[in-house]
Structure formats: structure tokens, C-alpha cells
Amino acid sequence: MGVLSEFEGKESALHVETVSPPSLGQPSEHLEDLDSIEQTQSSRYAWLVAITAGVGGLLFGYDTGIISAVLVYLNDDLGKVLNSSEKELITSITSGGAFIGAIAAGLTADRFGRKGAIYMGCFLFIVGAVLQAAAYSLTQMTVGRLVVGFGVGSAAMIVPLYIAEVAPAKYRGRMIGLDNMSITGGQLISYGIGAALAHVAHGWRAMVGLGAVPAIILCCLLPLCPESPRQLIYHDKHDEAAIVIRKIFPNGTEEQVQQKVRHIAAHVAEAKALKGGKGQLWLIKQLYVVPGNLRALIAACGLMAISQLGGFNSLMYYSSTLFALVGFSNPVAVGTIIATTNFFFTWVNLMVVDRFGRRRILLSTMWGMALFLALAAVAFHWIPINHDLTLKSTKIGWPAYVVLVCMIIYVSFYSSGMGNTAWLSSEFFPMEVRSYGTMMLTCSCWGSNIIVASTFLTQMENTTPSGAFGFYAAICFFGWIAVYFCYPEVKGMTLEDIREIFKHGFGVNYARQLQKDMKLKAKVDTESV
């Protein structure tokens, strides 16, 4: 299959040389012919599965949004009024827990299947929500936030991976986008709940307790979803995989169903051969020692890190604090405008990502993020703010409205582009390292989250708001340049096809030629019918 050549000369792959493409049943060009079912119309069943799994995104989104309101209304309910460092602690500890949760899910996803990790994420989120709602000290709140982080990390890592393996190739971007819609929907719901409970005594307890609801809903619906066909075949359950494939592609013939099973089975056999009974540490190492895997890892994790370090999560975590800082009297309500913008433009991305492609959308939006963050940095210069982030004047002037408008436009660029596209990058990894690659992708998310959540208020104090937002603008600008050189277009390709791209550098030009060949083939097939 070509991937074997990347292992040549590597002592860590001693048993790989005994496997050749013919031993997998078909040459690569014939394997492509086994995937004709992808050209048939998929069913609503695939969409229902993606929507159900996407509820897991609510866990991530709700927690991200609700902490913004909680920080404003905690007052002294934890025994004292929290300072900036303590607020950063209870915000960032969830990201730390998510980092660990993502690793745990990644290490167990192949052994126990994708659904097992989702169940565990839901259980942990429920426990964490209860612990937070019952907290009466900073320590209790921190523990609850940590447990929630374990659950959020597990769900955030496994849900897009599960959807990617279930979805038809031509709708994969949109279906993974449903998870992103759930994330932004969860953020919007959390802002609405935060605003509704703003003047309720100890209302923040209800805010965090309600976070258990999406986890309970997902636990109830998940039994209706199948295991990923690729995972079923990986565990030698070919008949069960065929049943799932029939449900996803009801218009396919029985021969096409069996061809799809053989197509996946050939790649699974190759993945197993590459693993060769090796342990998890060896498999993780393959992400770094195999050039194609490393390039996929750099492209995927690099975009994810930029999406988190580019300022958006500081806005989500601290939007209420930020808008209170510039003088708005109802900062949670103002933050709801940001959450609504985020939700709407996530929907826009969902509608266009498979039509226009990941790369084109990124290049069309990231420059706008950098521009409006820079404009916000300039506007902050005219807002009279003390070193301890208090206003010198309670009057809301024109700079505050400029900041708000810049943030709304920035979020529209972010949500229609990088914010959602970064989560699609799990499709870059070959099956033998896909769960580990997705684990690293999610760890990049939460590792970057830890940095942002634990430093934002301190950075604002030490470098001024203008310096902080100018720094975020620079990250977005240089990220835009990196995407141009290192992020290939993979729309419409099967997961098995994508593995070939990163064998040709970062594959930008190779992928472009492959897209042209796919269009030409589709045109010829249409004319021949």
C-alpha cells in the first residue's frame, strides 16, 4: 500500500517488511474499485448517528460557556471572594483534566471501542457537575472542575473520531461539524442560562448542575448508535460491520456492501500488520518516526494549537469578565451576543465545508481574525483601565463598542473557519495510529487551553489588554501563513485515501492534483452513465 516504504530502514519496524500489498488481497488501484458504494446516496440513519454522538459536544460547549457566568456570580460563596489567580485556577484545571481525559480515551479507544470512551466521559461529567454544584470551598470546586475536565477531554477526543469513522466520505466534514454545532450550541445555551439565573441567589450552583443534563441525554441515546464499522472489522466482526454499512448506504447493492467490507478489511489488515503485536508506546512512537505520520501530526496539531492560542477561548472563558471590564453593566447578556454569533457561523461552516473545502475556508478567514484582533488591541488603548483590571471611569465610551464589534466580527471569522475545521483533522491519520493521533490532536487543544485559561487575566494585567490582544493577532497571522504551506485539502476523500497525501511532503500540491483527478473521474463516470 505504499505506506510500508516509509518504514524501510527503521529498526522499529522489523516485522513490517514481511507484509506486501498483494498479501492484503488487492493492489491499491483495485482497492479503490471496492469503494463504489460511497457514490450512492447515504441514509438518514448516518445523520441521526452523527447528531446523537454530537450531543457529546454539548459537554465541551456548556462547560466552556458556563464558567464565564459562574466567575462573575460566585461572589463569596466559596468562603471568600476569588482573586485573579484563583479564578484562573478553577478555569484552567478543567483544561488540565481534559488533557488527561483525552490521553486516557486515546489509549483505550482501540481496545474497548469508541462508544466505551463516550460512556465514561458522560459518567465523569455527571459526577463533576454534582461536585461543583455542592461545592462550598475553593478546593471542592477545583476537584469538581477537574473531574468534569476528565469527562470533557474523553468526549472531545472520541466523538469526532467516532463520527469520522461512521460518516460517508462526501458528508464527513458536515457530520463532524454537527459536533462543533453542539459545542457552540452548548455555549449559547450556557450563556442563556447564565443570564436567566444572574439575579437568582446562588444561581451559579444551578448553572453548573444543569451541565449534567446533556451527559444524561447522551447516555440514554448512545445504545441506539452502532459501533464504528472500522472498529467492528478491526475486532473481526465483519457481519456486524456489513449490517451497519447497509444502514448507512441503503441504496448500495449487496455486492457493494461486501466490497466496502473488504476495502476496510484490507486497510485494517495493513494496520494490524504495521502494529505487529507492538505495544502502545511503540504505536505512539510511529507518529513521530514515520515521516508521513509526523507531517500529519504537525498539520493537525499545529492548526488546533493556533485555534486555541489565537484568543477565542480567552473570550469564551472570560467574556463576562472582559465586557464588565470595558464598562457594560450586564456582561453576561453582552457575552450572549458573542455566543449567538459563534453558533450561527458554526452553522455556516457546516453548510459549506464539504463544498468549498477545509483549506480554502481557512485561508479565507484567518486573515480576518488577525485583522480584527489587532483593531480590538488598538481600541483597548483608549479605554481607561487600571493595572488591576478595574475601570478608571464607569462611562461606556466609543472604544468599548469598537471592542464589542471587533469581537463579534472576529468570532464570525473564527467560527466559520478555523474553530470548526481544526476538529476535522482527525481524518489525517492512518487507521493504525488514528486513535493516538486524535489523542494528540485533542491534547494540543487542551494543552493550549491550559496556557490560555491560566494566563489570560495575568497577561492582561502585565501587558495591558492591548498587548494581550495584539499577541493573539500575531498568532493568527503567522498561523494563516503556516496553513498556506502545510495544510492540504482532503474534502471528498475516504479515510483510506487520505493516508497517501502526507507521503508527499505536506501534500498540498499532491492533494490539489488528486482533487483534480477525482473531479475528472467523476465527470467521466457521469458522462458514461
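Close-up 1. Buried means under 20% relative accessible area, exposed over 50% and partly exposed in between (1.4 Å probe, protein chains only). F428 is buried too, at 1% relative accessibility. This is a predicted model, where local features need pLDDT of at least 70, side-chain atom pairs count only at pLDDT 80 or more, and totals for chains, interfaces and linings use all residues. Residues are numbered from 1 along each chain as its sequence is written, and side-chain values use heavy atoms, with hydrogens and water left out.

Rings of Phe, Tyr and Trp (its six-membered ring) pair if their centres lie within 6.5 Å; planes under 30 degrees apart are stacked, over 60 edge-to-face, and the rest tilted. By this rule there are 17 aromatic pairs. F428 and Y487 make a tilted one, with 5.1 Å between centres and 50° between planes. F428 sits in the loop between α19 (418-421) and α20 (431-486), and Y487 in the loop between α20 and α21 (495-498), so the pair ties together parts 59 residues apart in sequence. Helices (H or I, at least four residues) are DSSP runs, numbered from the N terminus.

Close-up 2. Y484 is partly exposed, at 47% relative accessible area. F485 is exposed, at 56%. The charged end of R359 sits over the ring of Y484, 5.3 Å from its centre. A charge sits over a ring if NZ of Lys or CZ of Arg is within 6 Å of the ring centre and within 35 degrees of the ring normal.

**Close-up 3. R205 over Y136.** R205 lies over the face of Y136. The distance to the ring centre is 4.0 Å.

**Close-up 4. A cluster of rings.** Ring pairs link F380, F456, F469, F471 and Y472.

**Close-up 5. Helix α7.** Helix α7 (residues 172-196) has 25 residues. From first C-alpha to last, α7 reaches 36 Å, close to the 36 Å expected at 1.5 Å a residue. The expected span is 1.5 Å times one less than the number of residues. In α7, 18 of the 25 residues are buried, so the helix is largely enclosed by the rest of the structure.

**Close-up 6. Helices α5 and α6.** The axes of α5 (residues 114-133) and α6 (residues 138-166) come within 7 Å and cross at roughly 155°. That makes α5 roughly antiparallel to α6 (angle over 145 degrees).

Conventions
Helix = DSSP H or I, 4+ residues; strand = E, 2+ residues; numbered from the N terminus. Axes fitted to C-alpha atoms, helices over the stretch in contact; angles between N-to-C directions. Parallel < 35°, antiparallel > 145°, perpendicular 65-115°, else oblique.
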